[in-house]
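Please open the structure in your viewer and keep the selection tool at hand. The tour moves from a sheet to a helix and then to single residues.

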Amino acid sequence: MTSRKLVAIVEDEAAIRDNYAERLRRQGYRVAGYASRREALAGFAGRLPDLVIIDINLGDEVEGGFELCRELRARSAQLPIIFLTARESELDVVSGLRLGADDYLTKNISLEHLLARVAALFRRTVALSSSAADGERIERGSLTLDRERMTATWRERPVPLTVTEFWVVHALARRPGHVRNREQLMTAANVILDDSTVTSQIKRIRSKFAASDPSFDAIQTVYGMGYRWGPV
């Protein structure tokens, strides 16, 4: 599987970028490295990679990574995006996830951890794209989730969910009325998130549905327990 996947690394420090690239190549991935947001956008002009790893501080652009994430999300809701940065504040984590990143990691993690997160995102993408054999299509009132195409619609209007967001909605909608706690949502989305980050993900999902239907209230908060998909 990995030999067919192209991973892009957007990191302005050459030594760090080369270190990540070497380990990823040893795992069988193809790797493209970029030192700046502009360089990455030029490289992505013809075709997007299969996954992107982005630092936030990119040279003279202090938040160039955030801007790049925003631009990539405008092109693809499904492209797996990982922030890998030295910035550890809760505000930065929340900002990254609100922009649509699927994961947010800090540079003090091991390379083995990074490789595990990359592999996990690819497993989710493969699971979604190969689920045609399962014939799984969920319809809950105004919601339709199509795992074969990895799409979500609400009242027949498309909702541009990221990979992580799709799995969270899928976990909730599969069993309406059943409460899902943070651990269950993490398992469904195959990510490690703290309470505040889960809250940010739910807020972002709600805002995407509300963009096409301001009255959207299907995702209900059960205080002290978690979230559930309510009657619609």
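**The sheet**

Select the strands of the open sheet: 5 strands in the order β2-β1-β3-β4-β5, with parallel pairing. Strands (E, at least two residues) and helices (H or I, at least four) are DSSP runs numbered from the N terminus, and two strands pair if DSSP finds at least two bridges between them. At the edges are β2 (30-34) and β5 (103-106), each of which pairs on one side only. From one strand to the next, the twist averages 20 degrees.

This is a predicted model, in which local features need pLDDT of at least 70 and side-chain atom pairs count only at pLDDT 80 or more, while totals for chains, interfaces and linings use all residues. Residues are numbered from 1 along each chain as its sequence is written, and side-chain values use heavy atoms, without hydrogens and water.

Next, select β1 (residues 6-10), which pairs with β2 in the parallel sense over 5 bridges. Within this pair, A8 has A32 of β2 as its bridge partner.

**The helix**

**Two loop residues**

Select T162, in the loop between β9 (157-159) and α6 (163-174). Is T162 buried or exposed? T162 is buried (under 20% relative accessible area; exposed is over 50%, partly exposed in between; 1.4 Å probe, protein chains only), because its relative accessible area is 0%. Not counting residues up to four places away in sequence, T162 touches R73, A77, G100, D102 and K208.

Finally, select M150, in the loop between β7 (143-146) and β8 (151-154). M150 counts as buried, at 10% relative accessibility.

Key: Contact means heavy atoms within 4.5 Å. Axes are lines fitted to C-alpha atoms, for helices over the stretch in contact, and angles run from 0 to 180 degrees between N-to-C directions.
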